[in-house]
Amino acid sequence: MAIGQVAVYAHLSATEIEALGSELDEIRREIVDALGARDARYIRRTIAAQRALDAVSRLLIGYSRRRTGRLAGTGGLALAKIIENMEIGHNVSHGQWDWMNDPEIHSTTWEWDMAGLSAQWRHAHNYRHHLYTNVLGLDDDIGFGVMRVTRDERWRPGHLLQPLRNVLLAATFEWGIASQGWYLERKFGRTPAGGGGRGLAAKIARQVGKDYVVFPALSGRRWRRTLAANAVANLIRNLWAYLVISCGHFPDGAEKFEPGAVHDETRAQWYLRQMLGTANFAAGPVLAFLSGHLSHQIEHHLFPDLPSNRYPQIAVRVREVCEKYDLPYTTGPLPRQALLSLRTIHKLALPDSLLTATADDAPETASERRFAVGGRGGETSPVGGLRTALRRGKTTAPGGSA
């Protein structure tokens, strides 16, 4: 089952959790106080470079007479779309650059190069996902609503198809984001600025028209080449965005929570749940940039409205906090995190009767009951902090970790 008592699972007292929260608040204050001209130059230069790359790539696609030029243009366009989606659009829409008071680079005005409407996405993502990260029934990003990624969800025969669903979702990720934002706007009615179905239809028309009508038409007789290149660039962007997001939420160690866990939740308790519910992957400066710095998913969930270029700096401090409170800092190489995510998706396509670990002690689904003495409902065993307890493998499960 999912975690019901976060403090018990984390092996922390109420006093310790509030102290942890105070330390994270101090990190936030220091970063906010340090923001200035260097940060503003970073995002403005990033936007300028992305737009230049987009323009040059489209010229190469449409007018290059050499195959290498066309391939370079397609690759460059895919890269430009990745940068716009991950490092610019996602982060601007989070309000990371609102402090600049630039009317163009602002969460309320930026419209990204994707099928979905930014306004609808902001509600689905900034509010629903970030406030209720990995809370069952409240976070619609758990399995993106189409896959079973925790044993808390009852198995159904349709889940046998989820390996195929996973491939289709990755390939059409921008359309999944668009439909989710529209669905949640209809369900909760909290984003009238999104324009509902008409607003989404208009955005889709503009997006499809740009990539699949206007630019091919500008290419003249080479319109087929441009059409194909734009489709390939969008596909690459979708696959990359899906990979980055799934590696931050589906690997082992990204825990799930029962709805009661957020009842009367304090700011410090929210911090702790974010740290337990997300995962990073190792990345150098280039890979971090191309992922929108979501290689630091833990830091992003702790401080979603702080500029992404500051996440590597913040990560050093967050690791120190984890060390101090004996909490795991879930990270690993990108290929490993991707394989762990795929393992969970493929494994949970099967009924529970074919799995070995219990619902309290599986790599993708754990709870405070894994540390209980004498089975479920027993008292928590005093085995030190959470990281120490996990390392010792203290568990009530008779099976392994499959």
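1. Basis. In this predicted model, local features need pLDDT of at least 70 and side-chain atom pairs count only at pLDDT 80 or more, while totals for chains, interfaces and linings use all residues. Residues are numbered from 1 along each chain as its sequence is written, and side-chain values use heavy atoms, with hydrogens and water left out.

2. Helix 2 and helix 13. Helix 2 (residues 14-34) packs against helix 13 (residues 311-324) at an angle of about 165°, the axes being 11 Å apart. Helices here are DSSP runs (H or I, at least four residues), numbered from the N terminus; axes are lines fitted to C-alpha atoms over the stretch in contact, and angles run from 0 to 180 degrees between N-to-C directions. The pair is therefore roughly antiparallel (angles over 145 degrees). In the contact (heavy atoms within 4.5 Å), Leu-20, Glu-23, Leu-24, Ile-27, Glu-30 and Ile-31 of helix 2 meet Gln-313, Ile-314, Arg-317, Val-318, Val-321 and Lys-324 of helix 13. These residues divide into seven nonpolar, one polar and four charged.

3. The largest nonpolar core. A nonpolar core is a set of buried Ala, Val, Leu, Ile, Met, Phe, Trp, Tyr and Cys residues joined through side-chain atoms within 4.5 Å, where buried means under 20% relative accessible area with a 1.4 Å probe, protein chains only. The largest such core has 39 residues, of which Leu-20, Leu-24, Met-275, Val-318 and Leu-327 touch the most other members. Elements giving two or more residues to this core include helix 2, helix 10 (267-277) and helix 13. Beyond its neighbours within four places in sequence, Leu-24 contacts Tyr-271, Met-275, Leu-302, Phe-303, Val-318 and Val-321. Another core, of 35 residues, lies apart from it and has Ile-43, Trp-121, Met-147 and Tyr-242 among its members.

4. Helix 5. Of the 14 residues of helix 5 (residues 118-131), 11 are buried, so this helix is largely enclosed by the rest of the structure. The buried residues include Trp-121, Arg-122, His-123, His-125, Arg-128, His-129 and His-130.

5. Helix 9 and helix 14. Helix 9 (residues 223-249) and helix 14 (residues 334-347) pack at about 80°, with axes 9 Å apart. This makes helix 9 roughly perpendicular to helix 14 (65 to 115 degrees). Trp-240, Tyr-242, Leu-243, Ser-246 and Cys-247 of helix 9 make the contact with Leu-334, Gln-337, Ala-338, Ser-341 and Ile-345 of helix 14.

6. Ser-179. Ser-179 lies in helix 7 (residues 173-188). Its relative accessibility is 38%, so Ser-179 counts as partly exposed (between the 20% and 50% limits).

Technical notes. Angles under 35 degrees count as roughly parallel, over 145 as roughly antiparallel, 65 to 115 as roughly perpendicular and the rest as oblique. Ala, Val, Leu, Ile, Met, Phe, Trp, Tyr, Cys and Pro count as nonpolar, Asp, Glu, Lys and Arg as charged, and the others, Gly among them, as polar.
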